[in-house]
Amino acid sequence: MDAPPSNPPRTVICVGDVHGHILKLESLWSNLQSALPADAFATALVVFLGDYNDRGPHTRRVLDFLLALPARHPAQRHVFLCGNHDLAFAAFIGETILGISNLGELYKLPNNEYNIYRGANVIIDLAKAAPEEHKSFLRDLVWIHEEENVPVDTDEGQIVCKLIAVHAGLERSMDLNEQLRVLRTKDTRVPKVQMLSGRQDVWDIPKDLSGKQTVIVSGHHGKLHIDGLRFIIDESGGYEDKPIAAIVFPSKTLIRSTEGAASQN
């Protein structure tokens, strides 16, 4: 007797930094829905790689869009990672009156949207302006997502991997278990969490994971970079003229927004 056909692997979608660009996010979502089989999209695991605010004009609408996804697509799973901009934003709205000097990322609320201003010295009562659901969303953002048994297509065939999604990446030289502890527990005692804000030090796969079937997916870097099982998916970097990108596993297909950017390739 022939064996029954096996179910296709669950689709995993990783979405790059949004940075307040609601038109690009809506376009990307529509393009993902058009590009994928209906059942694959309907049941996908969707991991947003962080940095929902800053640079673009519509952070409020971006957060509303993300908050609505579970009701709009109840069979999907949604994971919302914390980026360095989100961490700063959450810290700012944690106080009723914010007296901030030279922290480098300061917010005000013109035209009912959250915008960022850098290098200013201001006092902002942003906590009262931010809706409670936005505060809860920011508080609940995870610093890492780990997913077992994710199939990935390669030139040699399909392999099954563990997927680790973290906003900037994992440090190559720091003890891996300590990094995972900090990320899993959201340890804010660490002065600077390189895994959320680092650059070259988190670009590569950590040496403890070299040669293992572990996918590491990040945003943050303002680049699109794929090297083996290391994926950096931040094509837009928050810039007006570049698209937001997402990568789809197992095929490693890249899908981009086609609206809200001045030029697309």
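Guide: One term before we start: a residue counts as buried under 20% relative accessible area, as exposed over 50%, and as partly exposed in between. By that rule E147 is buried, because its relative accessible area is 15%. Note also that this is a predicted model.

Visitor: OK. What does E147 form a salt bridge with?
Guide: E147 forms a salt bridge with R77, and the closest N and O atoms are 3.0 Å apart. R77 sits in strand β3 and E147 in strand β8, so the pair links distant parts of the chain, 70 residues apart.

Visitor: How many salt bridges does the structure hold?
Guide: It holds 9 salt bridges. One of them joins E178 to R181, with closest N and O atoms 2.9 Å apart. Both residues lie in helix α7, residues 176–185, and are 3 residues apart, about one turn of the helix.

Visitor: Why does a spacing of three matter in a helix?
Guide: An α-helix has 3.6 residues a turn, so residues three or four places apart point the same way.

Visitor: Which residues are linked in a network of salt bridges?
Guide: E146, E148, K162 and R184 are.

Visitor: Switching to sheets. What is the strand order in the one with β8?
Guide: That is an open sheet of 5 strands in the order β8-β9-β10-β12-β11, with mixed pairing. β8 (145–154) and β11 (224–227) are at the edges with a single partner strand each, so one side of each has no neighbour in the sheet. Neighbouring strands are turned by 25° against each other on average, ignoring direction.

Visitor: How many bridges join β8 to β9?
Guide: There are 8 bridges, and the two strands run antiparallel; β9 covers residues 157–165. Within that pairing, E146 stands opposite I164 in β9.

Visitor: What about the sheet with β1, what order does that have?
Guide: The order is β3-β2-β1-β13-β14, again 5 strands in an open sheet with mixed pairing. β3 (77–80) and β14 are the edge strands, each pairing on one side only. The twist averages 20° from one strand to the next. β1 and β13 pair in the antiparallel sense over 4 bridges, and V15 stands opposite A246 in β13.

Visitor: Which strands does α1 lie across?
Guide: α1 lies across β1, β2, β13 and β14, and runs at about 135° to β14. The helix takes in residues 22–35, which is 14 residues, and reaches 20 Å from its first C-alpha to its last, close to the 20 Å expected.

Visitor: Which of its residues are buried?
Guide: I22, K24, L25, S27, L28, W29 and L32 are. The buried residues of α1 pack against β1, α2, β2, α3, β13 and β14.

Visitor: W29 is a ring. How many aromatic pairs are there?
Guide: The count comes to 7 aromatic pairs. W29 and F65 form one that is edge-to-face, 6.1 Å centre to centre with 85° between the planes. W29 lies in helix α1 and F65 in helix α3, so the pair ties together parts 36 residues apart in sequence. W29 is buried at 4% relative accessible area, and F65 counts as buried at 11%.

Visitor: Which residues form the aromatic cluster?
Guide: W29, F41, F48, Y52, F65, F80 and F137 form one cluster.

Visitor: Last one. Where is G50?
Guide: G50 is in the loop between β2 and α3, and it is buried with a relative accessible area of 1%. Leaving out residues up to four places away in sequence, G50 touches D17, V18, L81, C82, G83, D86 and H167. G50 and L87 are 37 residues apart in sequence and 9.6 Å apart in space, C-alpha to C-alpha.

Conventions:
Residues numbered from 1 in each chain as written. Predicted model: local features only at pLDDT ≥ 70, side-chain atom pairs only at ≥ 80, totals over all residues. Heavy atoms only, no water. Pairing = 2+ DSSP bridges. Axes fitted to C-alpha atoms, helices over the stretch in contact; angles between N-to-C directions. Expected span 1.5 Å × (residues − 1). Buried < 20%, exposed > 50% of the residue type's maximum accessible area, 1.4 Å probe, protein only. Contact = heavy atoms within 4.5 Å. Phe/Tyr/Trp six-rings, centres within 6.5 Å; stacked < 30°, edge-to-face > 60°. Salt bridge = Lys/Arg side-chain N within 4 Å of Asp/Glu carboxyl O.
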